[in-house]
Amino acid sequence: MKQMKIGSRIFDTERHAYIMGILNVTPDSFSDGGSYVTHDAALFRAEQMIREGADVIDVGGESTRPGYQKISDEEEIARIAPVIEKIKAHFDIAVSADTYKSRVAAAALEAGADLINDIWGLKYDEKMAEVIKKYDAACCLMHNRETPQYENFIEDCLSDLKECIDIAKKAGIADDKIMVDPGVGFAKTYEQNLLVLRHLEQFLKLGYPLLLGTSRKSVIGLTLDVPTDKRLAGTLATTVLGVEKGAAFVRVHDVLENRHAIRMTEAVLYGY
């Protein structure tokens, strides 16, 4: 049985898909920017997502939408560390910090985070892997590229992620602390994002739990010709597809609806 350890919890990643609820404490995220910038609003949203069935809360302090504005480590830490502390103080739930910077990751882990969700798969900051290892934390390694040029698209994505995994392994991060994310919406065209979804099962060859992050993203908006606040149905379709193809985690804004979609899909597939 494949398992992943995040904080004190063991996740059975072979028999169930879990929900990572998105909590952006940013003023400019593409979908919910500005909604949860106060600590009280962030804590209320975390509580709401937990009630609706979130298994992990992913706290982000810098928008990574196309054309995003980078902020200093200090500002990012000031946004996320107090929120992580409050969530861990009030609730028994795994918390992820969505950052690619080692100083921010260290502060988040010091505040109680259990997982680092790195959109650059440990490649942006050479100190990131050692920080994760030092705190015995889990990590999500996402596929990304500086230049979105490919010779054999899916194979190149897999090769890039193998490099990320090698960095983690070299730092001593245990296998049960690693998950991978094919990076829908990052360094990919619309057509390539669809290819990732069509071939999700290929990413299971890497041997690690797979996280799918499509919630409200442009691939849905472009397909359905709808704005960000009208992309729930498209997101649910990708969640069902992800479960069918073996995804162990889905990173979403709309927790309850996605939990229902997962529950129904698993009932049909496995009879439970």
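I began with Y100, which is buried, with a relative accessible area of 3%. I note at the outset that the model is predicted.

**Entry 1. Aromatic pairs**

I recalled that a pair of aromatic rings is described by the distance of the centres and the angle of the planes. How many aromatic pairs are there? I recorded a count of 6 aromatic pairs.

I looked up F11 and F249, whose rings form a tilted pair, 5.5 Å centre to centre, with 55 degrees between the planes. F11 belongs to strand β2 (residues 9-12) and F249 to strand β10 (residues 249-252), so this pair ties together parts that are 238 residues apart in sequence. I found F11 to be buried, and F249 is buried too.

I then returned to Y100, which forms a pair with Y124. I noted this pair as edge-to-face, with 4.6 Å from centre to centre and 80 degrees between the planes. The angle is over 60 degrees, and the pair therefore counts as edge-to-face. Y100 sits in the loop between β5 (94-98) and α3 (102-110), while Y124 sits in the loop between β6 (115-118) and α4 (128-134), so the pair ties together parts that are 24 residues apart in sequence. Is Y124 buried or partly exposed? I recorded Y124 as partly exposed, with a relative accessible area of 40%, whereas Y100 is buried at 3%.

I also noted a cluster in which ring pairs link F11, Y18 and F249.

**Entry 2. Helix α1**

I turned to helix α1 (residues 39-52), which has 14 residues. From its first C-alpha to its last, helix α1 reaches 20 Å, close to the 20 Å expected at 1.5 Å a residue.

Which residues of α1 are buried? I listed A42, L43, R45, A46, M49 and E52. I recalled that an α-helix has 3.6 residues a turn, so residues three or four places apart point the same way. What covers the buried residues of α1? I found that the cover includes the strands β3 (18-24) and β4 (56-60), together with the helices α2 (73-90) and α9 (255-270).

After α1 comes G53, and I noted that its phi is positive, near 120 degrees.

**Entry 3. A surface patch**

Which residues make the nonpolar surface patch of about 280 Å²? I identified L269, Y270 and Y272. L269 lies in helix α9, one of the elements that cover the buried residues of α1. I recorded L269 as partly exposed, at 38% relative accessibility.

Terms used: Residues numbered from 1 in each chain as written. Predicted model: local features only at pLDDT ≥ 70, side-chain atom pairs only at ≥ 80, totals over all residues. Heavy atoms only, no water. Phe/Tyr/Trp six-rings, centres within 6.5 Å; stacked < 30°, edge-to-face > 60°. Helix = DSSP H or I, 4+ residues; strand = E, 2+ residues; numbered from the N terminus. Buried < 20%, exposed > 50% of the residue type's maximum accessible area, 1.4 Å probe, protein only. Expected span 1.5 Å × (residues − 1). Contact = heavy atoms within 4.5 Å. Patch = residues over 30% accessible without salt bridge, like charges linked within 9 Å, V, L, I, M, F, W, Y side chains within 5 Å. Areas by Shrake-Rupley, 256 points an atom, 1.4 Å probe, with all protein chains shown as cover. Salt bridge = Lys/Arg side-chain N within 4 Å of Asp/Glu carboxyl O.
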